[in-house]
Amino acid sequence: MKNRVVSSGEKATSLRYNLMELAAEKNDVISLGRGDPDLDTPAEIIEGTSRRMQTIPSSIPVRGLLELRRSVANHYQITKGLDFDPEQEIIITNGGQEGLFLTMLALVNPGDSVATPDPRYSSYDQAIGAAGGSIVEIPTGKDLRFELDADDLRQGIQAAKILVLVNPSNPTGALVRADGVQRIAEAARDLDIVVVSDEIYEEVVYDNQRLLSTVACEGMRERTVTLSGFSKAYAMTGFRVGYLVGDPAFIDAVERIKAATSGPCPLLSQNAALTALEEAPHVPAEFRTIYQRRRDCMTAGLDAMGISYGHPGGGLFMWADISPFGVPAEEFCLDVLRQTGVLMFPGKSFGQKWEYFVRISLLAKEAKITEALERLGDHIEKLRVGTR
Amino acid sequence: MSDYTASSTKRALAQRITVHSGTSVPSLEIRAEPLDAGLLEDLRDHLLAGETHYTTRPGVLELRQQLARRITITGGPEYDAERETIITAGEGEALFATLLGLDFSEGSRVSADDDGGRHSKLFAILGIQVVQPTDANMAPPLLEYSELATDETGADTTGRDHLPQESMEGDTPYQTDEKMKCIVNVGSLAFGDSTFGWPAVDPHTVVIGNFDGLAGISSFRLGYVVGPKTLVKKIMTWKQAFSICTAAPSQRAAIWTLDQKGSCKQ
């Protein structure tokens, strides 16, 4: 009898939630922890959603409203030049998180191995564990370069059946650029593996770069599952809407699992996603400008403190090396929260070997980020004085 | 569009998805009637006020308090809203997270009143074998799912007989590998279907249900889990892993409906 529980994923998640609970008890906390945009969903999306909710259909397909799936397909056509059949190749999920869980249930047999970059978002551990699979970690981070590399993939993937490529990365913010994605795609074809391309941060790519979707690479359509959603691009975390794009047989499998586990997404949430795509396509670019300014503010502050970090080419996080202070990140984050009221997450929430790294989000106003950096700077100065 | 025949993704599909393959998945039928204008206005106001973010993992406390009250009012046990309740994305997610939270392993056997019913596909997908109980003690539409244990003689027994009496009392931590796992599905009992009464629920049983008895709420997809706090905490980690939290507007819709109308379908 196989037990599904993966304690490492649960433990990693509980590390984060314990800190959030502690933060909730304190006043004047600057939260640079959770990946929940501080920006609210734009009013035009809410107004449009209210209007759409005036009409209620008699049924909701488990795959999601066809109108929304058509809109997702249209988004791919316009932004990536890719044609997908909304009836067969797209399913709407309860956020990206459910999308990744359903994907693992649909693809992973007990005993299968799934390659993931290290560090990684720990909910993958629980999803893979629930399906009875195990994780093969592909190392990243040599010389603070956290972009998944095709050569490391070829060396480390062993007998894995699936690669999870999170691009841009959570927790590091590393962006695998177009040539890197092409090389990973080539490796995936050579190794005959399926790529689950988690592109939830696709709209948050900085410095005028654009994300190359894995599925756009030659020969990858038949071996790629693309995961994305509305939470990050439109600040819609509370609506819980995401989607999967892939092979019709895969989408059919996911639909059967979704029907048994959660059924269709709430009608209002789907209408909100539809409104976002149809009536507010300008929003992601506006948010990106805001996040890039924050990223620049954060990198300047960390540079001033002499803290090293992986280059954040996209996403909503910074991945910083605190090893010079000689304090493990769990203790460091707890101390920083208690003494300065700045919430960050310890590296071990994202992989066992990252004991001296912290994840810092960009999800606070610039003034708050500046203040957090000042508080952090004072704390670090005290640490430095203590170690002299 | 490219030809997916024998694609790598198709070849990679897990064995579990062959369960019930070839059968079509029906859409969720909902009542195609306009939502109350007051509900739409309330939702709009809360969304514009910034209620567009993740809620806490177990759900909005105000709704969980309402849920606990409704359960008590309809004759069910008393639950601590803060520590013993979770709001889920429908009843299916409530059962899914509970099965994972209680460590129902692949290959385990479950005694279930669910006669090929609404959750049989979930059991099949999770590799859990369903055995019809010889003596069903739940009156429809209530359902009970109990893990089957094997006694010293090798005979199957339903879990209730295995539950040590002392475990029925007090607030001791629940060890799922030592005691029987039992889930009772009360459907929409707390919000409708009032012709049926609550079953006797022992303190270690997890109860799941849905909000569909509330008029106009089915399109918001809400379910719940209630039970002893030690178990609810474990179940919550899987709820979080699966979908982080339940949609904030859906929870707000239920709060409004319970606040303003309190009306249930008959």
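The model is predicted, so local features need pLDDT of at least 70 and side-chain atom pairs count only at pLDDT 80 or more, while totals for chains, interfaces and linings use all residues. Residues are numbered from 1 along each chain as its sequence is written, and chains are lettered from A and ligands numbered from 1 in the order in which they are written.

**Chain B at a glance**

- Chain B holds seven helices and 10 strands; helices (H or I, at least four residues) and strands (E, at least two) are DSSP runs, numbered from the N terminus.
- Of its 266 residues, 50% are buried, meaning that 20 or more other C-beta atoms, placed from the backbone, lie within 10 Å of the residue's own.

**Where the chains meet**

- In chain B, 60 residues are in contact with 74 residues of chain A; contact means that C-beta atoms, placed from the backbone, lie within 7 Å.
- Elements giving two or more residues to this side of chain B include α2 (37–48), α4 (90–101), α6 (229–243) and α7 (248–261) of chain B.
- The residues on this side of chain B divide into 28 nonpolar, 21 polar and 11 charged (Ala, Val, Leu, Ile, Met, Phe, Trp, Tyr, Cys and Pro count as nonpolar, Asp, Glu, Lys and Arg as charged, and the others, Gly among them, as polar).
- Strand β2 (residues 59–60) of chain A pairs with β1(B) in the antiparallel sense over two bridges; strands pair if DSSP finds at least two bridges between them.
- Within β1(B), B:L28 is the bridge partner of A:I60.

**The sheet of chain A**

- Seven strands of chain A form an open sheet with mixed pairing, in the order β3-β9-β8-β7-β6-β4-β5.
- Its edge strands, β3 (90–93) and β5 (134–139) of chain A, each pair on one side only.
- Strands β7 (residues 194–198) and β8 (residues 224–229) of chain A pair in the parallel sense over four bridges, and A:D198 stands opposite A:L227 in β8(A).

**Two helices of chain A**

- The axes of helix α2 (residues 43–52) and helix α9 (residues 267–279) of chain A come within 8 Å and cross at roughly 125 degrees; axes are lines fitted to C-alpha atoms, for helices over the stretch in contact, and angles run from 0 to 180 degrees between N-to-C directions.
- Therefore α2(A) and α9(A) are oblique to each other (under 35 degrees is roughly parallel, over 145 roughly antiparallel, 65 to 115 roughly perpendicular, and the rest oblique).
- Their contact has five nonpolar, four polar and three charged residues.

Methods. Buried ≥ 20, exposed ≤ 12 C-beta atoms within 10 Å, placed from the backbone. Contact = placed C-beta atoms within 7 Å.
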